[in-house]
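Please open the model in a viewer and keep the selection tool at hand.

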Amino acid sequence: MSDATEKRIIIPPELTSVEAIYEYLGQSLEFPEYYGGNLDALYDCATSDICDPVCVVWPKDWTGGNPYLYLLAMRVLGVLLDAAQENPNLRIVQAD
């Protein structure tokens, strides 16, 4: 039995909206067409639709100085961290 190679997804810190973050995650993680681009849909897909090992590399600092985007991005990160506790195929790390 061979282990699957872990896919690495790097979240670009220059994304300028939470919608762009959802879209990037949906495309990069190959979520199904019904993925709704919100926190609930993110959790549902991250816990049930990721079947091969994947590592999401999250930027430590968001650029652009938009505090609202920062807060929304931290909520997305929190959902991903919760999903990673439920799905052993999902790993989240923060980039330096």
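In this predicted model, begin with the largest nonpolar core, which has 30 residues. Select Leu25, Leu42, Val56, Trp58, Val76 and Leu90, the residues with the most contacts inside this core. H3 provides the largest share, 9 residues. In soluble globular proteins, nonpolar side chains tend to be buried together.

**Leu25 and its surroundings**

Select Leu25 next. Which residues is Leu25 in contact with, leaving aside its neighbours within four places in sequence? They are Ile11, Glu30, Phe31, Leu42, Val56, Val76 and Leu80.

**Strand S2**

Now select strand S2, residues 54-59. Of its 6 residues, 6 are buried, so the strand is largely enclosed by the rest of the structure. Val54, Val56 and Trp58 point one way from S2, whereas Cys55, Val57 and Pro59 point the other way.

S1 and S2 run parallel and are joined by 4 bridges; in S2, Val56 is the bridge partner of Ile9.

**Helix H2**

Proceed to helix H2 (39-48). Select its buried residues: Leu39, Ala41, Leu42, Cys45 and Ala46. They cover an arc of only 160 degrees around the axis, which puts them on the same side of H2. An α-helix has 3.6 residues a turn, so residues three or four places apart point the same way. The buried residues of H2 pack against H1, H3 and S3.

At the N-terminal end of H2, select Asn38, which caps the helix. A side-chain oxygen of Asn38 lies 3.1 Å from the backbone nitrogen of Asp40.

**Ser28 in helix H1**

Turn to Ser28, which is found in helix H1. Is Ser28 buried or exposed? With a relative accessible area of 14%, Ser28 is buried. A polar atom of its side chain lies 2.8 Å from the backbone oxygen of Tyr24. Leaving aside its neighbours within four places in sequence, Ser28 is in contact with Lys7 and Ile9.

**The salt bridges**

How many salt bridges does a search of the whole structure find? The search finds 2.

For one of them, select Glu30 and Lys7, whose closest N and O atoms are 3.3 Å apart. Glu30 lies in the loop between H1 (18-28) and H2, and Lys7 lies in S1, so this pair ties together parts that are 23 residues apart in sequence. Glu30 is exposed, with a relative accessible area of 61%, whereas Lys7 is partly exposed at 34%.

Finally, select Glu6 and Arg91, which also form a salt bridge, with their closest N and O atoms 2.7 Å apart. Glu6 is located in the segment before S1 (7-10) and Arg91 in S3 (residues 90-95), so the pair ties together parts that are 85 residues apart in sequence. Both count as partly exposed: the relative accessibility is 35% for Glu6 and 39% for Arg91.

Methods
Residues are numbered from 1 along each chain as its sequence is written. This is a predicted model: local features need pLDDT of at least 70, side-chain atom pairs count only at pLDDT 80 or more; totals for chains, interfaces and linings use all residues. Side-chain values use heavy atoms; hydrogens and water are left out. A salt bridge is a side-chain nitrogen of Lys or Arg within 4 Å of a carboxyl oxygen of Asp or Glu. Helices (H or I, at least four residues) and strands (E, at least two) are DSSP runs, numbered from the N terminus. Buried means under 20% relative accessible area, exposed over 50%, partly exposed in between (1.4 Å probe, protein chains only). Two strands pair if DSSP finds at least two bridges between them. A nonpolar core is a set of buried Ala, Val, Leu, Ile, Met, Phe, Trp, Tyr and Cys residues joined through side-chain atoms within 4.5 Å. Contact means heavy atoms within 4.5 Å. A polar contact is a pair of N or O atoms within 3.5 Å; within protein, one must be able to donate a hydrogen and the other to accept it, and residues adjacent in sequence count only if both atoms are side-chain atoms. The arc is that of the directions from the helix axis to the C-beta atoms.
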